[in-house]
Amino acid sequence: MTATALTHHIARLIEETGPIPLSHYMALALGHPEHGYYMTRDPLGAKGDFITAPEISQMFGELIGLWLAEQWLQQGAPKPFALAELGPGRGTLMSDLLRAIRSVPGMDDAAEVHFVETSPSLREEQKARVPNATWHERIDTLPQLPLFLVANEFFDALPVTQYQRTERGWCERYVGLEGERFVPVLAPVPLASDALLPAAMQNAAEGEIAEISPASTAIAEEIASRVTSRQGAALFIDYGHPRSAPGDTLQAMRNHAYADPFDAPGTADITTHVDFEMLSRAVEAGGAEAHGPVEQGAFLIALGIEGRREALMRNATLSQRTDIAKAAQRLTAPDEMGSLFKVLGITPRGSILPAGFA
Ligand code: SAH
């Protein structure tokens, strides 16, 4: 095990208190105030550990902006409104989105930009691109205004709880110490009831793992209830599966390669695949309507990425044209980001079907 400051901290915690829940390990690895992965660095881009859709092309943020603009107009152009983003990374998506909505009369004047971001170093990046935003640690402090919101690759960073089916029943997976190594260990006492697991997981075979993210469900439900009571709309975009199913999806990325999530916490990005069925249910529990999920490729094509690509190409040099075409391909092709990434739309109940979800 590579010893980092966070390794020592977590090892001592386990020695003192016993194995810790996986969700606690993940929260510390990503969000420990001093040594957490996101707290100390800018993980995005070629020099970082991974790249995201808004960093690939401006077309992504622009099309998201136009989707939100259509929702805003359909709901009577409420003023003022909160234009919010969860986990905005470098602020690239929001700055592309703001440029796109300038073509919608009155919209950018009515928008108050709000970011939910825990990382001080990424807040600096965001401030450089979107200086007039207001920052929040949690969604609870977002203003009580109509809420038009986007979250790209946000839910995959929230902690998950895992249970393994054993002959005794469902036992929670903890993180323990074996010598100097972190290892998954099972709680000795099984869950009293499997009612908190989605039905599709309850019948899993022995040895299988059920993964849930109570943090994600709580956030999705809160956003849905704000959209319902104050108007608004939201898009959740992430790497994930449309239906709940058993399986361990915990993974780590360092320098664009897979790494061991239990080695050197704080130095690799740890994520899981998002369970969109569980998010949809949370949205419905919050009183709003969930649309999709649809695949990112189909969604961007329905919103007109091809026209946008042609328009950008018209004003570009030859080498820029190649880059623009490659970027559009990367965002939409099924063997790149087009199929693995999914989009869930959230609108007030009874809205007409939003663009991209036909
Ligand atoms: N949306 C951006 C960045 C994705 S990386 C993009 O697409 O490029 C995940 C983002 O979520 C980072 O900005 C990270 O700092 C933030 N984040 C992770 N956990 C968070 C939490 N619990 N609360 C708020 N922000 C969080």
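How far is a nitrogen atom of the ligand from a polar backbone atom of Asn-152?

Modeller: The distance from that ligand nitrogen to the polar backbone atom of Asn-152 is 2.8 Å. Keep in mind that this is a predicted model. Taken alone, the ligand exposes 570 Å², and the protein buries 91% of that area. At Gly-87, a polar backbone atom is 2.7 Å from a nitrogen atom of the ligand. At Glu-117, the pair involves the side chain: one of its polar atoms lies 2.5 Å from an oxygen atom of the ligand. In total, 17 residues surround the ligand, and the closest are Thr-52, Gly-87, Gly-89, Glu-117 and Asn-152. The space that the ligand takes up is the largest pocket.

Trp-72 belongs to helix H4, which covers residues 58-74. Its relative accessibility is 0%, so Trp-72 counts as buried. The side chain of Trp-72 comes to 2.9 Å from the backbone oxygen of Pro-78. Setting aside residues up to four places away in sequence, Trp-72 touches several others, among them Pro-78, Phe-81, Met-107 and Phe-148. Trp-72 and Gln-231 are 159 residues apart in sequence, but their C-alpha atoms are 9.0 Å apart in space.

Next comes Gln-75, in the loop between H4 and strand E2 (81-86). Gln-75 has a relative accessible area of 15%; the cut-off for buried is under 20%, so Gln-75 is buried. Apart from residues up to four places away in sequence, Gln-75 touches Phe-148, Gln-231, Gly-232, Ala-233 and Pro-348.

Arg-226 counts as buried because its relative accessibility is 6%. Leaving aside neighbours within four places in sequence, Arg-226 is in contact with Ile-139, Asp-140, Leu-142, Pro-143, Gln-144, Leu-147 and Gln-231. From C-alpha to C-alpha, Arg-226 and Gly-286 are 8.2 Å apart in space, while 60 residues separate Arg-226 from Gly-286 in sequence.

How values were computed:
Residues are numbered from 1 along each chain as its sequence is written. This is a predicted model: local features need pLDDT of at least 70, side-chain atom pairs count only at pLDDT 80 or more; totals for chains, interfaces and linings use all residues. Side-chain values use heavy atoms; hydrogens and water are left out. Helices (H or I, at least four residues) and strands (E, at least two) are DSSP runs, numbered from the N terminus. Buried means under 20% relative accessible area, exposed over 50%, partly exposed in between (1.4 Å probe, protein chains only). Contact means heavy atoms within 4.5 Å. A polar contact is a pair of N or O atoms within 3.5 Å; within protein, one must be able to donate a hydrogen and the other to accept it, and residues adjacent in sequence count only if both atoms are side-chain atoms. A residue is near a molecule or strand if one of its heavy atoms lies within 4 Å of it. Accessible areas come from the Shrake-Rupley method with a 1.4 Å probe; for residues, only the protein chains shown count as cover. On a 1 Å grid over the protein atoms alone, a cavity is a set of points where a 1.4 Å probe fits but cannot get out, and a pocket is an open set with protein on both sides within 12 Å along at least five of seven lines; lining residues have an atom within 4 Å of a point. A molecule sits in a cavity or pocket if more than half of its atoms lie within 2 Å of its grid points.
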